[in-house]
Structures are given as structure tokens and as C-alpha cells.
Amino acid sequence: MNQRTRVAVVTVLIGLLIASLGVQAVIIDREPRVVTDDGRYPGNTLVGVHSYNDDGRVVELTPDGEVVWEWSVPDSRVFGVEQLDEGTVLAAVAVRTPAEDCPEEYLEYEETDHQCVHNRVVELDKDSKEVVWEYDWYDEFIADHEVHDFERLENGETAIADMGNDRAFTVDRDGEITWEWHAEDHLTPGTPFYEEYGGPEKEGNTTTGRT
């Protein structure tokens, strides 16, 4: 392929890419949107805060940016948050916990042996701000080992994505795990998925804790 041919091919590819993006923009622009008369989305917005300052909290904001409701835990990061009904909120909270309050098995790493993380999925009564239901477990780190996401299911159980243990599971109101899936059983070397698609080797030793 000579230089002129290469330039022609690249030009065609760029043209196709621009056309594709244009089509996507048209499609996206046609998605239905519900807004108020002045162009703002209606209703309040519930936000989970997970800053590196560990000042995790749940806040409810009006369209004008006013905080009308707030719930927080010291030394925490709040990840997923969902309003279940008018008076109930579900939130995923990772709480930085001092070593004296941690199970020994979660203090194995020398660089973080002064603390662990207490992962909590809590159901809150908005009026009282009391926790009316909770499922929790411990892990080594507050970063990358947190409760990544959750979903309240129609049958009343809660589906949870747990980054620290590379698992997804469902738990009922009594705290019993009703279903569990571990990524290492399906995606690591030796599994059918890995044999077909491959994947990078992970450097260093890892420790996986399960509840």
C-alpha cells in the first residue's frame, strides 16, 4: 500500500467515524426527556458523596441546589443511593474503621494494618434517619473494596455488587444469602471464559475473603 492509498484509507475511515458519531448524536437527541417549563429536570435529586476526604453522606437537592435532607456517617464514603419510596432510602456505605474494631483477618496488609473497611448496605427511614435494615461485612481497604452497587428486587431481597471479593450476591431481609456469583470461578485462568477470551495476568499476591 503506497502513501497515497494509505491517506485515502485513513480519510475514508475518519469520514465513516464522523458520520457514525453524527448518527449517534441524532439518536441521542431523540431520546425522550422530561423537563420543567424552565428547562430543568423536575423533582429533587438524591446524591451519594464519596470523596477522598471520607466525608461520605447522602444529600437530597432541590432543582435550585438547596439541601433539603442529609444523612452521613463519619469517616465514610457513600456510593450507591436509591429512594425506595417516599419515606425510605437505600444506601451503600464504606466506613473507614480503626484496627481495634476490625476482625484480625482484615489487618494482614502492613501498609493498612491500622484500619479496615466496614461495608454496609443500609435502609434508612427518611423522617427519623434511623437504619431500619442493614447488611454488612468487613474488608481490607476503603478504596477498590467497597460496596460498588446494589438493587432492591421485587421480591424484597437486595442484590449487591461487592468489589473487594469480586462477587455479586442477593440477600434476604433476614440477612441470608440466597444466591452468589464469584468472578474468580468464571473469569480466571482455567475457566472456559478465560480459555476462549484470555486476559491479563494479575501481579502480586491477593487475598480473598468471603462472608
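Biologist: Where does T62 lie?

Modeller: In this predicted model, T62 lies in the loop between β2 (57-61) and β3 (67-72).

Biologist: And why is T62 called buried?

Modeller: The cut-off for buried is under 20% relative accessible area. T62 has 17%, so the residue counts as buried.

Biologist: What is T62 in contact with, leaving aside neighbours within four places in sequence?

Modeller: N44 and V68. Contact here means heavy atoms within 4.5 Å.

Biologist: Next, the cysteines. How do you know that a disulfide joins C102 to C116?

Modeller: The rule asks for sulfur atoms within 2.5 Å. For C102 and C116 the S to S distance is 2.1 Å, so the pair passes. By this rule the count comes to one disulfide.

Biologist: What is the handedness of the link of C102 and C116?

Modeller: Left-handed, with -95 degrees about the S-S bond.

Biologist: What does the pair tie together?

Modeller: C102 is in the loop between β5 (88-98) and β6 (115-125), while C116 is in strand β6, so the link ties together parts that are 14 residues apart in sequence.

Biologist: On to the sheets. What is the strand order in the open sheet that has β4 in it?

Modeller: The order is β4-β5-β6-β7, four strands with antiparallel pairing. The edge strands are β4 (76-85) and β7, since each pairs on one side only. From one strand to the next, the twist averages 15 degrees.

Biologist: How do you know that β4 and β5 pair?

Modeller: Pairing needs at least two bridges. β4 and β5 have seven, in the antiparallel sense, so they pair. As an example, D85 has T88 in β5 as its bridge partner.

Biologist: What makes β8 and β11 edge strands?

Modeller: Their sheet is open, with four strands in the order β8-β9-β10-β11 and antiparallel pairing. β8 (147-152) and β11 (177-182) each pair on one side only, which is what puts them at the edges. The twist in this sheet averages 15 degrees from one strand to the next.

Biologist: How many bridges join β8 to β9?

Modeller: Five, and the two strands run antiparallel. R152 stands opposite T158 in β9. The hairpin of β8 and β9 has five residues between the strands, and G156 in the turn has a positive phi of about 95 degrees.

Biologist: What about the hairpin of β9 and β10?

Modeller: That hairpin has four residues between the strands, with D166 at a positive phi near 50 degrees. β9 and β10 pair in the antiparallel sense over five bridges, and I160 stands opposite F169 in β10. Strand β10 (residues 167-171) also pairs with β11, antiparallel over five bridges. There, R167 stands opposite H182 in β11.

Biologist: Which side chains of strand β9 are buried?

Modeller: T158, I160 and D162, which point to one face of β9 (residues 158-162).

Biologist: How does the whole chain read along the sequence?

Modeller: As α-β-β-β-β-β-β-β-β-β-β-β-α-α, which comes to three helices and 11 strands. Of the 211 residues, 32% are buried.

Biologist: Where is the confidence lowest, and where highest?

Modeller: Helix α1 (residues 3-29) is lowest, at a mean pLDDT of 43, and strand β7 (residues 131-139) is highest, at 95. The chain averages 77, and 69% of the residues score at least 70.

Biologist: Over which residues does pLDDT stay under 50?

Modeller: Residues 1-30, for which the model has two contacts beyond four places in sequence. Residues 206-211 are below 50 as well, though that stretch has 15 contacts beyond near neighbours in sequence. Where pLDDT is low, the predicted coordinates should not be read in detail.

Note on methods: Residues numbered from 1 in each chain as written. Predicted model: local features only at pLDDT ≥ 70, side-chain atom pairs only at ≥ 80, totals over all residues. Heavy atoms only, no water. Axes fitted to C-alpha atoms, helices over the stretch in contact; angles between N-to-C directions. Buried < 20%, exposed > 50% of the residue type's maximum accessible area, 1.4 Å probe, protein only. pLDDT = per-residue confidence, 0-100.
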